[in-house]
Amino acid sequence: MIYFRLIAASMRSQLQYRVSFTLDTLGAFLSTFVEFLALALAFGRFGGLGGWSIWQIAFLWGLTEAAFGVMDMLFSGFDPASFSQHVRRGTLDQILLRPVNLIVQILASEFVLRRVGRILEGGLIFVLAVANLGIAWTPLKLAYLPLVFASAVAFYGALFVAGATLSFWTTEALEIVNVFTYGGTTMASYPMNIYTDWLRRIFTYVIPTALIIYYPALFFFDLPDPAGLPVWASFLAPLAGFGLLALAFLGFRFGLRRYASTGV
Amino acid sequence: MGAIISLEHLRKTFRVADRPSGRLAGLRGLVAREMRTVTAVDDVSVDIHPGEIVGYLGPNGAGKSTTIKIMTGILVPTSGGVRVNGRVPWRERRAHVAGIGAVFGQRNTLWWDLPVQDSFDLLRHIYAIPAAATRRI
């Protein structure tokens, strides 16, 4: 398939710069891992946060980080910061002139391999969390976990695609999108009950970040929702993740009609 | 034999922001940005038959590239109809571009975020052309 050919070419070119690649990957791993260590140290002082232990938070943190890392690797072509450059410079033309599916081409236009740093960091923290939590695993929980992860990748991908679509109107990358992508991952790394009501509602009903990792986590921990939503709220993640991604791709197709192809 | 390329009353308009140039231009552009509609292609109709070799001439800004970009499926026209090889380019983009070739020139020579005049001023400095030898447009 053409997607894998394009990705392979991109990976080969990135691996031409081995030292740079290794340092970038290590840097991505360390920067977020050290952040988590700082949090863990602070927990030694005050024990818990919103009734959650450090390992329960590590579960949220690790899943969110790893899923965002995978998304950032797969969807970097739609990263609003780089996609808006295509719109601003009119270089989407070259992509539009090739007889390959547009979304496939944009996905393959950038594949940032060094994101494995962030994926490893999230993965390690998640494994540590599971090892220390003593979750009562059931077949349903085991089956649901990979689906939650894939839903999170789709959800953050949808945010990237939506941000990229906005650039057809604004031509600039909108900083506001970062509130929901990078800000959203930070938010999703902590239990929702520590947030004030209006913020929690926005991130449950408008941009459903909470449905993606937090509500499934309640199910994995066998905890009731402090905000009072029924148990099935823990199973909305696939609908929210993949539903939003499908909507985002539809919106992107619509926004493309506004592409102005700057330049001669 | 029927036309292989046919344009019917083709129109394309753009909404553009007027960006002031000169002193403190960037700052003024942030505060007061006026939008206006520019008609790039205005009621173009043409039929081209198989075997014909056609040149499409006009001064800068006449809408040549815009017309070609609509014919290649990059842009969607504001109104009017296009058929190339029996297809509507922007509706069947993939099938369409598989059967055509296109070369666009003049990329990367301008500073995209600046008014054209500023780009010319910069290029004049780069090529050390005395101000007296140039004329403001």
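What span should the 18 residues of helix H7 (residues 116-133) of chain A have at 1.5 Å a residue, and how far apart are its end C-alpha atoms? The legends below describe a predicted model.

**View 1. Helix H7 of chain A and its packing partners.** At 1.5 Å a residue, H7(A) should span 26 Å, and its end C-alpha atoms lie 25 Å apart, which agrees. Buried positions in H7(A) are Gly117(A), Arg118(A), Ile119(A), Glu121(A), Gly122(A), Ile125(A), Phe126(A) and Ala129(A). An α-helix has 3.6 residues a turn, so residues three or four places apart point the same way. After H7(A) comes Gly134(A), which has a positive phi near 65°.

**View 2. Helix H3 of chain A, largely enclosed by the rest of the structure.** From its first C-alpha to its last, H3(A) reaches 30 Å, close to the 30 Å expected for its 21 residues at 1.5 Å a residue. Of these 21 residues, 19 are buried, so H3(A) is largely enclosed by the rest of the structure.

**View 3. The interface of chain B and chain A.** Contacts join 19 residues of chain B to 20 residues of chain A. The area buried between the two chains is about 1800 Å², and carbon and sulfur atoms give 55% of that area. One residue pair is in polar contact across the interface, with both residues at pLDDT 80 or more. On the side of chain B that touches chain A, helix H2 (64-71) and helix H3 (93-98) of chain B each supply at least two residues. H3(B) gives the most, with four residues. By type, the residues on this side of chain B comprise 10 nonpolar, four polar and five charged.

**View 4. The salt bridge between chain B and chain A.** The rule finds one salt bridge across this interface. Its partners are Asp93(A) and Lys69(B), whose closest N and O atoms are 3.8 Å apart.

**View 5. The surroundings of Arg87(B).** Arg87(B) is placed in the loop between strand E3 (79-84) and H3 of chain B. With a relative accessibility of 25%, Arg87(B) counts as partly exposed. Leaving aside residues up to four places away in sequence, Arg87(B) touches Val82(B), Glu92(B), Ala95(B) and His96(B). The C-alpha atom of Arg87(B) is separated by 49 Å from that of Ala133(B), 46 residues apart along the chain.

Notes. Residues numbered from 1 in each chain as written. Chains lettered and ligands numbered in written order. Predicted model: local features only at pLDDT ≥ 70, side-chain atom pairs only at ≥ 80, totals over all residues. Heavy atoms only, no water. Contact = heavy atoms within 4.5 Å. Buried area = accessible area lost by both parts, 1.4 Å probe. Salt bridge = Lys/Arg side-chain N within 4 Å of Asp/Glu carboxyl O. Polar contact = N/O pair within 3.5 Å; in protein donor to acceptor, adjacent residues only side chain to side chain. Nonpolar A, V, L, I, M, F, W, Y, C, P; charged D, E, K, R; others polar. Expected span 1.5 Å × (residues − 1). Buried < 20%, exposed > 50% of the residue type's maximum accessible area, 1.4 Å probe, protein only.
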